[in-house]
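Work through the exercises below with the model open. Each task is followed by a solution in steps.

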Amino acid sequence: MISSTFLTRIIFKIIKPFIFVIILIASSCNRTIHYRENASDELTTEEMQTLNAGDVILRQGFGVISEAIATFSKDKYPVSHCGLIVQNQDGSFSVIHTVSNALSETDGMQKDSLSVFVRDAKKNTIIILRHHLLKNDDVLVEKLTQQAELYLQRQIPFDNQFDFDDTTAFFCTEMIWHLFDNALHTNIFSVGKKQYHSMQFSAFFDTNTFVPIVNHFENNSLDENRRDSTAIQRK
């Protein structure tokens with residue numbers, strides 16, 4: 001019996017040469033990431049107070065590429081991008097992530113304020129998770145965030161070939177994998193007998209590894225259930 005993981009790897013090998021072509025075509029239609037007023041996501045004050053440096057943040061962005069990634073990945077939640085939250089000297093948060101210059105003025109590693117990263121997310125698509133090794137361990141958090149800052153300083157370019165074996169360039173999930181591997185010596189794509197694909201986000205939803213801190217997909221579902229319940233009661 002052929003496993004779904006094996007089939008996924010075969011599919012990715014087939015389509016990988018065409019991914020960058022798709023990005024270029026889409027970017028010719030829309031060079032920059034645009035957001036729509038009242039359609040972007042946002043974090044509440046209460047949610048901001050729960051965040052820590054070292055948390056992984058995921059989102060679904062706007063545009064053709066984000067839709068394609070979210071749809072093709074077939075993950076539990078349709079996200080299309082991820083980054084690592086770091087804390088600045090003034091106490092504010094930023095996100096270190098990597099983006100192709102087909103979609104951004106800067107190629108590869110970049111650092112955005114948390115508010116900008118969240119603004120570029122579709123409404124109700126932000127997810128923030130914390131690796132279980134980082135709970136109450138400031139030393140490991142420091143190692144992880146320093147490694148991210150090091151990648152940023154090196155200006156590592158975006159991996160347009162999506163080659164996981166090439167360490168000279170990173171796509172978004174590849175960057176997170178290298179961070180945890182180099183700083184914490186843990187493989188986030190290998191959990192027990194489970195092997196997750198590097199171009200999907202499934203590994204982040206494994207609660208054996210990551211603890212959910214914020215999940216707007218789930219919050220939205222709860223809100224819809226409350227609205228439905230209220231509507232039924234009014235009838």
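The model is predicted, so local features are given at pLDDT of at least 70 and side-chain atom pairs at pLDDT 80 or more, while totals for chains, interfaces and linings use all residues. Residues are numbered from 1 along each chain as its sequence is written, and side-chain values use heavy atoms, with hydrogens and water left out.

**Exercise 1. Salt bridges**

Task: Find how many salt bridges there are, and describe the pairs Arg-130 and Asp-55, Lys-111 and Glu-149, and Asp-120 and Arg-119.

Solution. 

Step 1. Apply the rule: a side-chain nitrogen of Lys or Arg within 4 Å of a carboxyl oxygen of Asp or Glu. The count is 4 salt bridges.

Step 2. Arg-130 and Asp-55 are joined by a salt bridge with an N to O distance of 2.7 Å. Arg-130 belongs to strand E5 (residues 127-131) and Asp-55 to the loop between helix H2 (45-48) and strand E1 (56-59), so the pair ties together parts 75 residues apart in sequence. Helices (H or I, at least four residues) and strands (E, at least two) are DSSP runs, numbered from the N terminus. Arg-130 and Asp-55 are both buried, where buried means under 20% relative accessible area, exposed over 50%, and partly exposed in between (1.4 Å probe, protein chains only).

Step 3. For Lys-111 and Glu-149 the N to O distance is 2.9 Å. This pair links distant parts of the chain, with Lys-111 in strand E4 (residues 108-113) and Glu-149 in helix H5 (residues 138-154), 38 residues apart. Lys-111 is partly exposed at 34% relative accessible area, and Glu-149 is partly exposed at 23%.

Step 4. In the salt bridge of Asp-120 with Arg-119, the closest N and O atoms are 3.6 Å apart. Asp-120 is buried at 10% relative accessibility, whereas Arg-119 is partly exposed at 32%.

**Exercise 2. Aromatic rings**

Task: State how many aromatic pairs the structure holds, and classify the pair Tyr-151 and Phe-170.

Solution. 

Step 1. Rings of Phe, Tyr and Trp (its six-membered ring) pair if their centres lie within 6.5 Å; planes under 30 degrees apart count as stacked, over 60 as edge-to-face and the rest as tilted. The structure holds 9 aromatic pairs.

Step 2. Begin with Tyr-77 and Phe-205, whose ring centres are 5.1 Å apart and whose planes meet at 80°, so the pair is edge-to-face. Tyr-77 is in the loop between helix H3 (64-73) and strand E2 (81-87), and Phe-205 in the loop between E7 and E8, 128 residues apart. Tyr-77 is buried at 10% relative accessible area, as is Phe-205 at 15%.

Step 3. Tyr-151 and Phe-170 are edge-to-face, with 5.1 Å from centre to centre and 65° between the planes. Tyr-151 lies in helix H5 and Phe-170 in the loop between H5 and helix H6 (172-184), so the pair ties together parts 19 residues apart in sequence. Both Tyr-151 and Phe-170 are buried.

Step 4. Ring pairs also link Tyr-77, Phe-205 and Phe-217 into a cluster.

**Exercise 3. A loop residue**

Task: Decide whether Thr-209 is buried or exposed, and list which residues Thr-209 touches.

Solution. 

Step 1. Thr-209 is in the loop between strand E7 (194-195) and strand E8 (210-215).

Step 2. With a relative accessible area of 6%, Thr-209 is buried.

Step 3. Not counting residues up to four places away in sequence, Thr-209 touches Arg-130, His-131, His-132 and Val-191.

Conventions: Contact means heavy atoms within 4.5 Å.
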